[in-house]
Amino acid sequence: MHLNNLITKALNDVRLTDDEIVYLLSLPPTSSENYQVLAASRALSARLCANRAEVHGQFALNLAPCPKNCMFCSFAAKNGIFKGSSQISPDDAVQTALAFERNGVNAIYLMATASFDLAEFCEYGKEVRRRLHPETILIANVGDQQESGARLLKDAGFNGVYHALRLREGTDSDIAPDARLRSIRAFKEAGLVVGTCVEPVGPEHSNQELAELILFTAAHQPAFSGAARRISIPGTTLAERGMISELRMAQIVAITRLAVPHTVIGNCTHEPCGIGALAGANLFWAESGANPRDVLEKTEEGRGHTVAHCSAIFNEADWQLLEGPSAFFS
Ligand code: SF4
């Protein structure tokens with residue numbers, strides 16, 4: 001396979017095959033060939049969004065041990081990180097959302113653990129929606145839903161959802177992969193725009209597994225795709241498998257950009273980092289409150305990044321920042 005041909009294909013919006021994606025994923029992260037891939041992705045990503053990166057803000061409504069037991073998540077009951085349950089007040093949710101809006105995020109995400117009551121989630125959503133500028137993009141990050149749940153979210157004023165089929169879904173989580181697929185279909189049918197990602201990548205995932213998930217995200221015409229590495233939760237089984245480097249994550253971010261149709265202009269990575277921005281990530285998340293990658297109840301005191309920090313990382317990689325509502329969800 002000739003690397004230049006694959007890059008030319010991708011830049012011309014011709015789909016890469018499974019074998020071609022595996023080949024790109026097989027390049028050593030520190031090789032000059034991989035740096036060519038990063039550069040091509042950065043150029044394509046900038047072209048598709050007029051070099052305007054976005055920072056979205058996410059916060060959790062609740063904190064609770066979650067029975068879905070995704071092994072990579074600090075909320076998973078079996079990980080035993082958080083023992084009790086709590087939730088913020090509707091007014092705290094409004095104030096947190098308003099603070100993100102004041103700080104210039106391009107979209108605001110409300111998150112809850114999978115067992116949080118959806119009707120209650122929607123009540124929070126309605127109140128937040130009522131207090132935000134009408135044009136502010138509001139996104140839900142919730143557990144799997146059927147058609148009725150998807151419509152509730154839409155009626156509550158959400159513009160879209162974040163939802164992903166995670167790597168080794170059903171093996172490293174207690175969620176059947178089909179449930180994730182059905183949810184994505186239901187969200188789209190209800191008129192919600194879906195953002196997704198190749199996540200959470202660990203060192204044990206093969207290039208074939210990654211390629212299949214990259215192609216899965218490409219097939220769903222999401223608001224954004226991208227890639228995120230698994231963050232080790234200390235003391236858990238998955239922590240023993242280790243973490244990939246930011247450079248390897250950036251390689252997967254770049255290849256995802258090259259493999260996804262040009263109609264998808266967003267390319268995320270998490271957690272925010274300079275190498276990711278260099279490699280063509282144009283979406284980072286700022287976070288506050290509980291966070292599934294953190295063991296602190298307030299991630300702003302731990303792993304969470306502020307809006308200003310996310311913006312600064314983008315600026316250091318010569319990105320400009322979009323002002324106003326997300327172009328990815330428009
Ligand atoms: S990722 Fe979501 S569904 Fe899985 S354990 Fe964490 S909160 Fe529950």
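The model is predicted, so local features need pLDDT of at least 70 and side-chain atom pairs count only at pLDDT 80 or more, while totals for chains, interfaces and linings use all residues. Residues are numbered from 1 along each chain as its sequence is written, and side-chain values use heavy atoms, leaving out hydrogens and water.

**The ligand site**

Let's start with the ligand. Around it you will find Cys66, Lys68, Asn69, Cys70, Cys73, Phe75, Thr113, Ala114 and Arg166 (a residue is near a molecule if one of its heavy atoms lies within 4 Å of it). This shell has five nonpolar, two polar and two charged residues; here Ala, Val, Leu, Ile, Met, Phe, Trp, Tyr, Cys and Pro count as nonpolar, Asp, Glu, Lys and Arg as charged, and the others, Gly among them, as polar. The ligand takes up the space of the largest pocket. A pocket is an open set of points on a 1 Å grid over the protein atoms alone, where a 1.4 Å probe fits, with protein on both sides within 12 Å along at least five of seven lines. A molecule sits in a pocket if more than half of its atoms lie within 2 Å of its grid points.

**Helix pairs**

Helices are DSSP runs of H or I with at least four residues, and strands are E runs of at least two, numbered from the N terminus. Axes are lines fitted to C-alpha atoms over the stretch in contact, with angles from 0 to 180 degrees between N-to-C directions.

| Pair | Axis distance | Angle |
|---|---|---|
| H1 (residues 3-11) and H2 (residues 18-26) | within 11 Å | roughly 120 degrees |
| H5 (residues 118-131) and H6 (residues 147-156) | 8 Å | about 20 degrees |
| H3 (residues 32-48) and H9 (residues 246-259) | within 8 Å | roughly 50 degrees |

The angle of about 20 degrees between H5 and H6 makes H5 roughly parallel to H6. H1 and H2 are oblique to each other, and H3 and H9 are oblique too. Angles under 35 degrees count as roughly parallel, over 145 as roughly antiparallel, 65 to 115 as roughly perpendicular and the rest as oblique.

H1 and H2 have a left-handed crossing, H3 passes H9 in a left-handed crossing, and H5 passes H6 in a right-handed one. A crossing is left-handed if the near helix is turned anticlockwise from the far one by less than a right angle, and right-handed if clockwise.

**Backbone spots**

Most residues other than glycine have a negative phi, and most peptide bonds are trans. Asp13, in the loop between H1 and H2, has a positive phi near 65 degrees. The Glu199 to Pro200 peptide bond is cis, with omega near -15 degrees, and Pro200 belongs to strand S8 (residues 198-201).

How values were computed
1 Å grid on protein atoms, 1.4 Å probe; cavity = no way out; pocket = protein on both sides within 12 Å on 5 of 7 lines; lining within 4 Å.
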